[in-house]
Amino acid sequence: MNIIAWVVLGLIAGAIAKAIYPGHQGGGILATMLLGIVGAFIGGSLFTFLNTGTIGLTAAGFSLPGIITAIIGAMVAIFIWGLITRRTA
């Protein structure tokens with residue numbers, strides 16, 4: 001059941017992050033979901049690091065603060081992906 005919650009959170013966070021982030025990002029619904037899931041892990045890990053000072057791989061939970069954290073993480077993932085694809089293109 002936890003995996004389904006991560007997929008739903010990833011879909012929501014990825015879609016909102018793509019809508020907020022300036023510019024055009026390609027990809028369909030699968031790319032949006034993966035971006036959101038990666039963003040949830042990035043945001044959750046950054047949040048854990050800022051609160052505790054330790055590095056741990058954690059995902060954001062399915063709550064309002066978790067969604068906001070996942071959106072911020074997804075925007076970081078969009079930025080990093082843009083840097084990677086811009087150098088190879």
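## Basis of the model

The model is predicted, so local features need pLDDT of at least 70 and side-chain atom pairs count only at pLDDT 80 or more, while totals for chains, interfaces and linings use all residues. Residues are numbered from 1 along each chain as its sequence is written, and side-chain values use heavy atoms, with hydrogens and water left out.

## Overall build

The protein has 3 helices and 0 strands. From the N terminus, its elements run α-α-α. Helices (H or I, at least four residues) and strands (E, at least two) are DSSP runs, numbered from the N terminus.

The protein has 89 residues, and 31% of them count as buried. Buried means under 20% relative accessible area, exposed over 50%, and partly exposed in between (1.4 Å probe, protein chains only).

Contact means heavy atoms within 4.5 Å. Take the contacts with a separation of 6 or more: 59% of them join residues 24 or more positions apart.

## Helix α2

Helix α2 has 24 residues. Its first and last C-alpha atoms lie 34 Å apart, close to the 34 Å expected at 1.5 Å a residue. The expected span is 1.5 Å times one less than the number of residues. Just after α2, glycine 53 takes a positive phi of about 85°.

Several α2 residues are buried, among them Thr32, Met33, Leu35, Gly36 and Ile37. Glycine 44 also sits in α2. It counts as buried because its relative accessibility is 6%. Glycine 44 and glycine 73 are 29 residues apart in sequence, yet 7.7 Å apart in space, C-alpha to C-alpha.

Alanine 31 and leucine 11 are 20 residues apart along the chain, with their C-alpha atoms separated by 9.2 Å.

Serine 63 lies in the loop between α2 (29-52) and α3 (64-88). It counts as partly exposed because its relative accessibility is 35%. Serine 63 and leucine 9 are 54 residues apart in sequence and 9.0 Å apart in space, C-alpha to C-alpha.

## The largest pocket

The largest pocket holds about 350 Å³ of space. On a 1 Å grid over the protein atoms alone, a pocket is an open set of points where a 1.4 Å probe fits, with protein on both sides within 12 Å along at least five of seven lines; lining residues have an atom within 4 Å of a point. Grid points are joined across faces, edges and corners, and a volume is the space filled by probe spheres set on the points.

The lining has 20 residues, and Leu35, Ala77, Ile78, Trp81 and Gly82 lie nearest the pocket centre. α2 and α3 each supply at least two lining residues. α3 gives the most, with 8 residues. By class, the lining has 12 nonpolar, 6 polar and 2 charged residues. Ala, Val, Leu, Ile, Met, Phe, Trp, Tyr, Cys and Pro count as nonpolar, Asp, Glu, Lys and Arg as charged, and the others, Gly among them, as polar.
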